[in-house]
Structure formats: structure tokens, C-alpha cells
Amino acid sequence: MRLTRSQALFETACKVIPGGVNSPVRAFRSVGGTPPFLVRGEGAYLEDVDGNRYIDYVGSWGPMLFGHADPDVVQAVQEAATRSLSFGAPTEIEVRLAELICALVPSIEMVRLVNSGTEATMSAVRLARAYTGRSKIIKFEGHYHGHADFFLIAAGSGALTLGQPNSPGVTPAAAQDTLLARFNDLAHVTQLVEAYADEIAAIILEPVAGNMGCVPPEPGFLEGVRALCDRYGIVLIFDEVMTGFRVARGGAQERYGVRPDLTTLGKIIGGGLPVGAYGGRREIMEWVAPQGPVYQAGTLSGNPLAMHAGYAVLRKIADTPDLYDRLEAFGAALEEGVRANLKALGLELYFTRVGAMATLFFTGERVVDYETARRCDTQRFARYFHAMLEEGIYLPPSQFEAFFFSTAHGERELERTLSAQRRALMRAFSD
Ligand code: PMP
């Protein structure tokens, strides 16, 4: 595989953009090598500037539920673009998108649209603090909620990959109101809550963790956290930026039957354009300005391109009855194939999957939290990653990310992926 043009671009990029990228994990720091610079995506496929083609398991980190350049989404954006890119004033499509989100996500009665997942989680926490009159929040080790200061404490994703969970620039004051809990350890959460009972505004979590690899909740864990929040008047925030519309039509809250007070969304609701959202119980959302006193705003919030892209995607989600059955069927076949590969090669690696997100952990142990995730053999993962890339399979360039698939992934892609994986695993373990 040649990456000549990507290499030249990356060298130039490194002179004018920190690390050559606009978001850290893209730089391949944890796996080494040069990231392919992409020019085109179609369905399940990507093409780079050197003409290499890949089957995509990143999907722009989640948004591409229907694959790249889905004709319905592209058409909606093209039509909207001819009528102005932004007004900064109310439009009908914002109302339609908000209605659809409220209809699809069980706990959302009112919703505010923003431009990213980071904005959504940051705003949801401000709202929870205002509503409860308390300051502290509980977050979980290895969970990632965007890059607001008070979340960059033992965060997942790039922060975990780069081994810098506590970023310089985050002041002690910003960090002091963030309490850290262990995912899937209800006893630990209970202890923390009891120790700080009347100071905790919110518990925020990824109901299925995706930013330390895909780590599902243990049975009873989400229900237990819900019960604690009820007992102590704490706002429960599900960060469904990744899981929303991916692990089920109504997100993880529908899949596991647990209702949060607030939900944050992103990725799929923008179909690839910058959109985030936070929403939930009416009584809490009414605190948001201008209806209530909690300030939050955005010049480009609700801009027509992003709204039309998001609406086109959610419309398809609402109107395709067998959508999640199809994703589940692909996921189950992929899972079966991965397990067969591991067995054939005599490898004990831990594989997790929830709906259309999954991770192959390079450890034989069960991964249930940050501690167990961190025991993975990241060097072996890096060898596997590069072997897959050379086989034309584009995976997230880090052990601590979930991979995603779309409705554009079918039989052909499945077979190619599994046979490539057999060879890549053999190469990764050839010593
Ligand atoms: N929350 C979760 C669960 C995420 O996965 C992400 C991004 N990967 C974010 C929040 C932040 O979203 P954004 O990158 O759009 O700011």
C-alpha cells in the first residue's frame, strides 16, 4: 500500500496544524505511521489521496449509520444550501427535527440543538447544576464527554489513548467538582453518593461505554444508578452522543429500559454535519434560556444544512421498520465470524458488541471498566491495526475506541473483513 501523497500532506499539515490534525486520535499517535488523507466515501467504502480503498469501520466516529454520501442526506443538504447556509433565526426544519427527536427518544420531552457533543454535555451539566442548586458531578473513569474542562479527568478516547487523562490547562478549581467513579461498580458509586449526598448535581455516564472501547453495562448497573439518583435528588444524564440511534432506535435508554432525566446526543443526529443536542424532562428543560435562567446560545445552532442532514437521517430511521434488525443481523454475523477466527487461531481475545458498535480487546480478560480496559496489549493492537489497514480495512486507530458499521455493510464486506482479519491476526501474533 502506497501512502506517498498522504505522507506529503501530513508533513505539511504538521507545520501548520498541531500534530497535523484537528482532533487528536486521527494522528495515529498510539498506533504509529501516517494517517491516510481521505478524499471520498461511498456507502461502506473510503478512498484516500493515493487511490487506496478501504472498508470503513469508523463511519466518521459514528454519524454514518447509512454509510457515506447517502443519496437522501446529500440531496437534503444540497437543496438546503441553495436557500442560504445560515440565518441565525428560527426555521421550520428545527421544529421538525426537535419533534422527531422527542418522538424517537423515550425520555426526551424538550430538546435544545447545539453544534457538537461537547457543547451538549457541557450545557446539560450546567443545567443540572442550576436545577439542583448543587455543584459536584460524578463521572466514570474512561468515559468521554467531550473536552469541557471539568470532564477532562480520567477521560476516555484521545485523552486515554495519549495517556494524558488530566490535561494541563484544567485548573484545580474546575477539577474539584468532578468525582470519579468506577463503571459497573454500583457499590463504589453508592459510596461516593453517600459521602457527598447533598452536593451532587448530576451523574453523567455513557450507558454503553464507547470511549475506552465498547464496554456494556453489567445487568442491573444502570437501574442501580437510576435508583440512587431518585433517592438523592440527583439528575441522571445519559450521554448518548455515541449510542443514540445506534444501539437501538431510542438509544441505550430504550435498549436497557432505563430512563435518564437528561440525554445528550450528537453524531448520528447530524448525519455527518456538526450537530449536538441535549434534552429530557420538560420540568428541567424549561430552565434553559430564554424560557428559564440558564444561559446557553449559539450563532450557528440549528443552521439549516445541519438540520436538514439530521432530519433526513432521523426520517429514515423512523421510516425503516427493520433497520435495527438489519444492523443486528450484520453485527451478529460479524461477531460469529470474529469468534470463529479467534478460535481457529487459538487466540483468546475479548470481543464486545452492542448493536452496531463493537471492540476487539487485545486481552483475554473480561473488560468491564477502565482498569480492565487498560490491561490490553496496545502494541499488539497496533500491529493488528496496520495489518488490517494494509488489507484495506479501516479501523479506529486506537484500542480504546469502538468500531462502527452501517446499513451499507453487507455480505461482501463481511466476507472481505473476516478473511482480512484472519491474516491480520496471524501477522499480529507471528512471534
Ligand atoms: N460524548 C461521547 C459519548 C462521545 O463519544 C463524544 C465524541 N466522541 C462526545 C461526547 C463529544 O462529542 P464531539 O466530539 O461532537 O464534541
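Strands E11 and E12 form a hairpin with two residues between them. Gly355 sits in that turn and has a positive phi of about 55 degrees. The model is a predicted one: local features need pLDDT of at least 70, side-chain atom pairs count only at pLDDT 80 or more, and totals for chains, interfaces and linings use all residues. Residue numbers start from 1 along each chain as its sequence is written. Strands (E, at least two residues) and helices (H or I, at least four) are DSSP runs, numbered from the N terminus.

**The hairpin and its neighbour**

E11 covers residues 350-354, and its pairing with E12 is antiparallel over five bridges. Two strands count as paired if DSSP finds at least two bridges between them. Val354 stands opposite Met357 in E12. E12 also has two bridges to strand E14 (residues 403-404), again antiparallel. There, Ala358 stands opposite Phe403.

Is E12 buried or exposed? Five of the five residues of E12 (residues 357-361) are buried, so the strand is largely enclosed by the rest of the structure. A residue is buried if 20 or more other C-beta atoms lie within 10 Å of its own, exposed if 12 or fewer, and partly exposed in between, with C-beta atoms placed from the backbone. Both faces of E12 are covered. Met357, Thr359 and Phe361 lie on one side, and Ala358 and Leu360 on the other.

**The seven-stranded sheet**

An open sheet of seven strands runs in the order E4-E10-E9-E8-E7-E5-E6, with mixed pairing. Strand E4 (110-114) and strand E6 (178-181) stand at the edges with a single partner strand each, so one side of each has no neighbour in the sheet. Neighbouring strands are turned by 20 degrees against each other on average, direction ignored. Angles in this report run from 0 to 180 degrees between N-to-C directions, and axes are lines fitted to C-alpha atoms, for helices over the stretch in contact.

E4 is mostly covered, with four of its five residues buried. Five bridges join E4 to E10 in the antiparallel sense. Met110 stands opposite Gly280 in E10. E10 (residues 276-280) also pairs with strand E9 (residues 262-265), antiparallel over four bridges. Thr263 stands opposite Gly279 in that pair.

Helix H3 (residues 92-104) packs on this sheet and touches E4 and E10. Its direction makes about 125 degrees with that of E4. Helix H7 (residues 186-195) lies across strand E5 (136-140), E6 and strand E7 (200-205). H7 runs at about 155 degrees to E6.

**The four-stranded sheet**

A further open sheet has four strands in the order E1-E2-E3-E13, with mixed pairing. Strand E1 (38-42) and strand E13 (393-394) stand at the edges, each with a single partner strand, so one side of each is left without a neighbour in the sheet. Strand E2 (residues 45-48) and strand E3 (residues 53-56) run antiparallel, joined by three bridges. Leu46 has Tyr54 in E3 as its bridge partner.

**Helix pairs**

| Pair | Angle | Axes |
|---|---|---|
| H12 and H15 | about 25 degrees | 10 Å apart |
| H2 and H11 | roughly 150 degrees | within 8 Å |

H12 and H15 pack at about 25 degrees. That makes H12 roughly parallel to H15. Angles under 35 degrees count as roughly parallel, over 145 as roughly antiparallel, 65 to 115 as roughly perpendicular and the rest as oblique. H12 passes H15 in a right-handed crossing, meaning the near helix is turned clockwise from the far one by less than a right angle.

Residues of H12 that meet H15 include Phe330, Leu334 and Val338. Among the H15 residues they meet are Leu414, Leu418 and Leu425. Two residues are in contact if their C-beta atoms, placed from the backbone, lie within 7 Å. By class, this contact of H12 with H15 has nine nonpolar, three polar and one charged residues. Nonpolar covers Ala, Val, Leu, Ile, Met, Phe, Trp, Tyr, Cys and Pro; charged covers Asp, Glu, Lys and Arg; the others, Gly among them, are polar.

Helix H2 (residues 71-81) and helix H11 (residues 304-319) cross at roughly 150 degrees. They are therefore roughly antiparallel to each other. Their crossing is right-handed.

Ala340 lies in H12 (residues 323-345). Ala340 is exposed, with 12 other C-beta atoms within 10 Å. Its C-alpha atom is separated by 45 Å from that of Arg96, 244 residues apart along the chain.
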